[in-house]
Amino acid sequence: MDKQRRCELAEFAFRVRRNCIRMTNNGQSGHVGSMLSMADVITVLYNGILKNVSAEDPKNPNRDRFILSKGHAGCAVYATLFEKGYFPEDWLMTYYRDNGKLMGHISHHVPGVEFSTGSLGHGLPVAVGMALAGKLKKASHKVYCMMSDGDMNEGSSWEAIVFAAQQKLGNLVGIVDYNRVQALGHSENVADLEPLDQKLELFGWNCVTVDGHDLEAIENTFTSLPNNGKPTMVICRTIKARGVPWLEDTVKSHYGFIPNDRVEEAIAGCRAYADECMKGE
Ligand SMILES: [Mg+2]
């Protein structure tokens with residue numbers, strides 16, 4: 001990846017983070033740590049990985065589908081879709097407000113959103129159904145589903161994992177935003193998933209692990225996924241609340257927003273983080 005490309009992606013991810021901080025603060029609710037965790041991965045997905053996805057033709061039947069199963073972090077998808085031109089800027093500050101355009105958990109009423117989620121464990125079963133439908137129709141698009149560690153604690157996710165392997169859904173790409181923090185604690189203290197990659201491989205999936213904050217590594221991973229007819233899970237090793245130093249890797253960052261008197265400081269943290277990503281040749 002050349003420097004210009006890396007800088008463009010880092011700048012995009014910064015704008016996503018900045019809007020997530022402002023939107024959750026304005027709405028006085030949200031899951032800001034969960035959004036900041038996934039900002040780099042969703043930036044790469046919407047800037048070259050997802051095919052035929054555009055605001056000009058949002059219902060293109062050949063588009064790749066993206067489902068966010070960790071629907072509580074939907075603000076990060078909204079911030080991304082805004083950058084891609086799906087809706088006007090004045091919608092942003094309606095997030096989490098009464099009669100707002102952008103609902104607290106991700107909603108398919110927002111242009112560009114494929115499916116509403118919120119309760120964990122719902123995204124992957126739906127993605128599996130969509131991937132199976134695509135396979136039966138011999139369609140060329142892929143279905144991507146991003147989950148959290150909390151999602152991976154849900155029985156419904158593992159039912160979907162079993163079924164996807166049985167159906168040989170090579171058009172299905174699962175993504176785990178593996179920050180190892182969830183609502184009530186660090187994952188190893190709630191329901192430890194390790195060794196997650198080995199478990200998924202035993203369940204018949206390809207499994208790839210990547211640093212979920214290394215823009216180049218993320219892009220390289222998604223452009224070279226295995227092509228052997230099996231579903232693939234990409235485990236993105238991430239840090240909760242990445243970009244805001246005093247919140248990183250904390251349980252308290254899962255649910256909540258940054259208070260008024262610390263918003264600019266938090267945005268400055270994300271700015272510094274983006275500048276660091278841009279360094280080097
Ligand atoms: Mg988590």
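**Entry 1: the core**

I began with the largest nonpolar core of this predicted model, which has 79 residues. Which members touch the most other members? I found Cys20, Ala76 and Ile175. Helix α2 (residues 32–49) gives this core its largest share, 10 residues. I also jotted down a general point: in soluble globular proteins, nonpolar side chains tend to be buried together.

Next I looked up Cys20 on its own. Leaving out residues up to four places away in sequence, I listed its contacts as Val32, Met35, Leu36, Cys75, Ala76 and Ala79.

How do their axes meet? On the α2 side, the contact is made by Met35, Met38, Ala39, Ile42 and Tyr46. On the α3 side, I noted Cys75, Ala76, Val77 and Thr80. I then checked the hand of the α2 and α3 crossing, and it is right-handed.

**Entry 2: Lys70**

Where is Lys70? I found it in the loop between β1 (65–68) and α3 (74–83). Is Lys70 buried or exposed? I counted 30 other C-beta atoms within 10 Å of Lys70, and because 20 or more is the cut-off, Lys70 is buried.

Setting aside residues up to four places away in sequence, Lys70 touches Ser34, Met146, Met147, Ser148, Asp151 and Asp177. I looked at one further pair as well: Lys70 and Pro226 are 156 residues apart in sequence, and their C-alpha atoms are 25 Å apart in space.

**Entry 3: the whole protein**

Last, I stepped back. I noted nine helices and seven strands in the protein. Its radius of gyration is 18 Å, close to the 19 Å that the globule rule gives for 281 residues, so the protein is as compact as a globular protein of that length. Along its principal axes, the C-alpha trace spans about 50 × 45 × 45 Å.

How much of the protein is buried? Buried residues make up 49% of the 281. I finished with the contacts that have a separation of 6 or more: 78% of them are between residues 24 or more positions apart.

Conventions: Residues numbered from 1 in each chain as written. Predicted model: local features only at pLDDT ≥ 70, side-chain atom pairs only at ≥ 80, totals over all residues. Helix = DSSP H or I, 4+ residues; strand = E, 2+ residues; numbered from the N terminus. Buried ≥ 20, exposed ≤ 12 C-beta atoms within 10 Å, placed from the backbone. Contact = placed C-beta atoms within 7 Å. Rg over C-alpha atoms; globule rule 2.2 N^0.38 Å. Core = buried A, V, L, I, M, F, W, Y, C linked by C-beta atoms within 7 Å. Left-handed = near helix turned anticlockwise from the far one by under 90°.
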